[in-house]
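Reader: I would like to go through the assignments in this model one by one, setting each value beside the cut-off that it has to meet.

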Amino acid sequence: MGAKAFFVVALAALGWSGMGAAQAPRPGTLETYRDWTIGCDNRNRCEAVSLLPDGGAWPDNPVMIGVARSAGPDAAAEVWVSRDAKGGGEVSFLVDGRKIVSIPSKDGEATLRGPQAAALAIAMARGSLLEVRAGNRVLGRPSLAGSGAALRYMDARQGRAGTSTALVATGALGPLAVRAAPATPEIRRMPTPAGAAPVALWREELTALGKFTGCTDEIRSGPQTPELHRLSKTETLILVPCGNGAYNFTSIPVIATGIAGRRAFRLARFDYKPGWSEEESKPMLVNAGWVADKSLLQSFAKGRGIGDCGGSETYVWDGARFRLTEATSMGECRGAWHWITTWSARVVE
């Protein structure tokens, strides 16, 4: 074995994470079954969400319903409902005219957990018509078309098919046959220092930054200006504006080092490329936000203005690069304002 090969093997044995594809996060993908979309994250927590009918007339005040469940033999099902409303009150769920359960709601939101949630999910998978009511008033009729297929996918993904814990694909095996949930990745964040804000960019630095990023026009005359955020005593995060539309504003994250007036620039590093990046060498954030006290960098891209489709990523700074802590997605632009989590990690100090 040559010296270079030995060095790589030694690093791997020591747990060096590097930037290789094998170590990179792999957010889950979404599947759509008629009027339902489902996705699971890296911990095999799955969520199925109702969509508005494709090509049909949309109601003025739509009601969305979802079924969520974590992995593992002891994980209980959850059913939630969401609509635009104020105040409280009880909501009832009826499947094919039969009342399954009633639960209290607050400002249009309600969540049911445990055996009653499982019973409602099973009834929805088998039924044809769901009504969500407040007293005798029908609040909405979320479509059940595809719900059974989506929940069957959930059973299969979590290793429940053929067991008594499954919602649809039930069988004779007991809970011990269900796969355990995968371990949650942990990321150690690097706290950002307190103190004065970074010194504003000098004119010469703005010129150099424009050439470096290819965003000269946006820096000179765009509606946004570069944002500077302190990462450490020697490093500054710069969010460089590089394009805008009606509801999406893009920026390139750059790390600056050195003294004001003569700072050097490099592209920020990520363990998972932000969703709207067009080039491997140039990460692109959308509607970026920085949360200093948590060292979090956020990107939130809308598929269209009402926000019923798109994707988001949240990263934490570990001192060398930005590490993915959460990703969400909604691929169908069909009235689902709740986006499904496709990746999650635990941040530790």
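**Values against definitions**

Author: C309 has a relative accessible area of 2% and is therefore buried, since buried means under 20% relative accessible area, exposed over 50% and partly exposed in between, with a 1.4 Å probe and protein chains only. The model is a predicted one, in which local features need pLDDT of at least 70 and side-chain atom pairs count only at pLDDT 80 or more, while totals for chains, interfaces and linings use all residues. Residues are numbered from 1 along each chain as its sequence is written, and side-chain values use heavy atoms, with hydrogens and water left out.

Reader: What makes C333 partly exposed?

Author: The relative accessibility of C333 is 33%, so this cysteine counts as partly exposed.

Reader: How do you know that a disulfide joins C309 to C333?

Author: The definition asks for a pair of cysteine sulfur atoms within 2.5 Å, and the S to S distance for C309 and C333 is 2.0 Å. With 80° about the S-S bond, this link is right-handed.

Reader: Why is the disulfide of C40 and C46 called right-handed?

Author: The torsion about the S-S bond of C40 and C46 is about 105°, so the disulfide is right-handed. Its S to S distance is 2.1 Å, and C40 counts as buried because its relative accessibility is 0%, as does C46, also at 0%.

Reader: What is the handedness of the link of C215 and C242?

Author: With -85° about the S-S bond, the link of C215 and C242 is left-handed; the sulfur atoms are 1.9 Å apart, and both cysteines are buried.

Reader: Why is the pair of W290 and F322 called edge-to-face?

Author: Rings of Phe, Tyr and Trp (its six-membered ring) pair if their centres lie within 6.5 Å, and planes under 30 degrees apart count as stacked, over 60 as edge-to-face and the rest as tilted. The ring centres of W290 and F322 are 6.3 Å apart and the planes stand at 85°, so the pair is edge-to-face. W290 and F322 are both buried.

Reader: How do you know that the buried residues of helix 2 line one face?

Author: Helices (H or I, at least four residues) are DSSP runs, numbered from the N terminus, and helix 2 covers residues 115-126. Its buried residues are A117, L120, A121, A123 and M124. Seen down the helix axis, these residues fall within an arc of 160°, so they line one face of helix 2, the arc being that of the directions from the helix axis to the C-beta atoms. On the other side, P115 and R126 are exposed.

How values were computed:
Helix = DSSP H or I, 4+ residues; strand = E, 2+ residues; numbered from the N terminus. Expected span 1.5 Å × (residues − 1).
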